Every structure is written in C-alpha cells, then in structure tokens.
Amino acid sequence: MDTIEKALQKHQQKFNEEFISRDKQSSDELPAPDLSDIEKALAGDVAPGQIIGPDHDASSEEDRESRRVEIQFDRLAKLGVIVPSEDRSLTKEQFRQIKRPLLNKAFGKHAEKVPNGNLIMVTSSSPGEGKTYNAVNLAMSIALEKERNVLLVDADVLNPSVNNLLGIKTEEGLIDYLSDDINDVTDILYKSNIENLSVIPTGKRHHLTNELLASDNMSNLMHEMANRYQDRIIIVDTPPLLHTTEASILARLAGQIVLIVEEGKTHQQTVKDALSLLDPSMHIGLVLNKSKYNQDGNYYGYYG
C-alpha cells in the first residue's frame with residue numbers, strides 16, 4: 001500500500017476514534033456547509049463588503065496606519081466558514097485538530113520549533129480541491145487563539161479568491177507592493193473586524209508575477225511580516241503546485257506547508273507529483289478534504 005494512502009487511512013482511523021465517535025451525537029445536529037454555495041462565493045457571486053479606512057485606534061504604528069475591512073459573519077457562517085461568534089460546529093472542531101500541530105511547530109510548544117514555522121503555505125495539487133476554503137478556515141481558527149495574531153495573504157496571483165470568500169472588497173495588494181506601485185506596506189495591510197486577523201489581498205494582475213514573487217522584495221516582505229511580532233502566524237494561500245511555478249517559489253519562503261488533498265478526486269500519483277516539487281526536508285502536512293468517510297458531512301484530517 002502506498003505511503004500516502006497509509007498515512008491518510010491511519011489518520012482517518014485515529015480521527016474517528018478520538019473525535020467523531022466521541023462527538024457523533026452532537027455532530028449529527030450540526031449542518032454541513034453547502035459546497036455549491038462555497039463555489040459560488042469563491043467565484044465572486046457575493047455582495048462585497050467595504051473598506052472602512054485607516055484604523056486610528058490601534059496601538060502600533062503598523063496597525064494604526066493600516067486599512068480596515070468588514071467581514072460579513074452571517075454570510076460566512078452560512079458557507080460553513082468559522083466565525084468568532086459561532087458557539088460550536090463540526091468545522092470548528094476539525095480545524096482545532098488541524099491547527100494545533102502547526103502552532104506547536106511554529107512556536108516550539110510540545111514540539112520542536114521549525115525555522116520560519118509561523119509562515120504557513122496552503123496549497124493543493126490542482127485547482128478546485130479546496131485550498132482557499134481551508135486557508136481561510138485555518139486563519140479564522142487560529143485568530144480565535146487569544147495569544148496569536150494572524151495575517152492571511154492571498155498569493156494565488158492567477159485566481160485570487162480570498163476576498164470573494166470573505167466577502168470583502170479591497171484596492172491595492174501584494175502585487176502592487178512588489179511591483180513598486182506601492183511603497184508603504186501599510187497600504188496593502190487590511191485589518192479586519194476580527195481583532196487579531198489582518199489580510200493582504202493579491203492586488204492587480206501583472207504579467208511578471210512569477211518574477212515578482214521570486215524577488216528579494218517578496219522575501220524581505222515575508223521575513224519582515226513573520227518576524228515583526230513574535231505571536232504572528234502568516235497563512236499564505238498560493239496557486240496549485242502542478243499548474244504554475246509560483247507555488248514552488250513561495251514554498252521556499254515557508255516553514256510549513258499544508259497540502260490539500262480532495263478525497264475521490266486527487267489521485268495518488270498527482271499528490272506524489274506535487275510533493276516532488278517541494279523540498280523533502282520541509283515540514284509538509286496533508287489535509288484530506290471533502291471526505292465522505294463521515295457520511296453526515298465533510299470532515300478534514302491532518303497528517304504531517
């Protein structure tokens with residue numbers, strides 16, 4: 001049996017024993033997200049939110065000068081995305097399982113600290129496997145931690161979807177900064193109405209995105225963002241590994257990589273091909289997405 005298949009099956013069994021059986025009764029009452037609604041949201045079939053303007057109440061210079069966006073919690077909850085006011089949901093519980101080993105490696109708590117471990121890249125082998133949905137939920141789940149500050153970066157320069165899923169509308173973004181159209185990073189940093197969650201959107205399209213993401217500007221920006229605050233986690237949503245070269249470039253900056261695998265769609269050879277593009281010494285975790293293993297809804301598992 002293939003190593004990847006063994007790993008996924010091992011985690012399915014463990015997750016079932018430790019979580020699903022324990023909470024099955026209450027999970028039966030939790031509505032599963034409608035995948036068709038999520039796909040519509042990612043495509044931009046939503047009413048966008050708004051930019052409020054500079055936040056003059058924040059304490060640090062970066063926060064004081066950054067812009068603000070309003071995330072629509074009611075809409076996100078209907079899409080099955082974690083929101084702060086949510087009492088309990090299956091998705092919330094599943095991402096608690098996913099985020100904990102990532103946080104442990106990022107901050108050296110209950111695990112060996114990983115270099116640049118607070119810079120986490122979320123990707124997939126191919127489009128449509130759920131990487132943006134997982135990146136946003138991971139960011140929202142970590143933002144619930146009292147001692148963590150989360151920066152969600154949309155680096156999928158070919159098909160940016162974070163704004164669409166969050167229901168926000170922004171102006172300048174990452175590519176504008178890297179192409180020197182914007183000189184001040186605070187002009188692309190948007191604080192949200194979640195206290196410890198900020199967003200850097202993709203920005204405008206550019207014909208040299210590959211070169212811009214491989215530039216010293218990008219490396220310096222990620223280093224600055226990852227090291228400015230000791231409690232900060234950066235979640236980077238990137239293009240799929242097998243469809244562009246940008247994801248492989250960005251992987252060199254990350255300390256941890258989360259690879260989304262869609263059950264019943266992503267072939268084992270496809271996963272192997274995607275993994276072959278990454279440095280095998282990197283800390284890579286797999287998330288099984290859209291699984292029918294729990295017939296009551298979707299469930300996610302983490303193996304890394």
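Author: Two residues are in contact when heavy atoms of theirs lie within 4.5 Å. This is a predicted model, in which local features need pLDDT of at least 70 and side-chain atom pairs count only at pLDDT 80 or more, while totals for chains, interfaces and linings use all residues. Residues are numbered from 1 along each chain as its sequence is written, and side-chain values use heavy atoms, with hydrogens and water left out.

Reader: Which residues does Arg148 touch, not counting residues up to four places away in sequence?

Author: Arg148, placed in the loop between α6 (131-143) and β3 (149-154), touches Phe107, Ile142, Asn196 and Asp231 when residues up to four places away in sequence are set aside.

Reader: Why is Arg148 said to have no salt bridge?

Author: A salt bridge needs a side-chain nitrogen of Lys or Arg within 4 Å of a carboxyl oxygen of Asp or Glu, and the nearest side chain of opposite charge to the buried Arg148, that of Glu147, is 4.9 Å away, so Arg148 has none.

Reader: What makes α5 largely enclosed by the rest of the structure?

Author: Buried means under 20% relative accessible area (1.4 Å probe, protein chains only), and 13 of the 18 residues of α5 are buried, so the helix is largely enclosed. Across the chain, buried residues make up 56% of the 304 residues.

Reader: Where does α5 bend?

Author: The bend, taken as the angle between axes fitted to the seven residues ending at a residue and the seven starting there, is about 30° at Lys99, with Pro101 following within four residues. After α5 comes Gly108, whose phi is positive, near 70°.

Key. Helices (H or I, at least four residues) and strands (E, at least two) are DSSP runs, numbered from the N terminus. Buried means under 20% relative accessible area, exposed over 50%, partly exposed in between (1.4 Å probe, protein chains only). Lys and Arg count as positive and Asp and Glu as negative; His and the chain ends are not counted.
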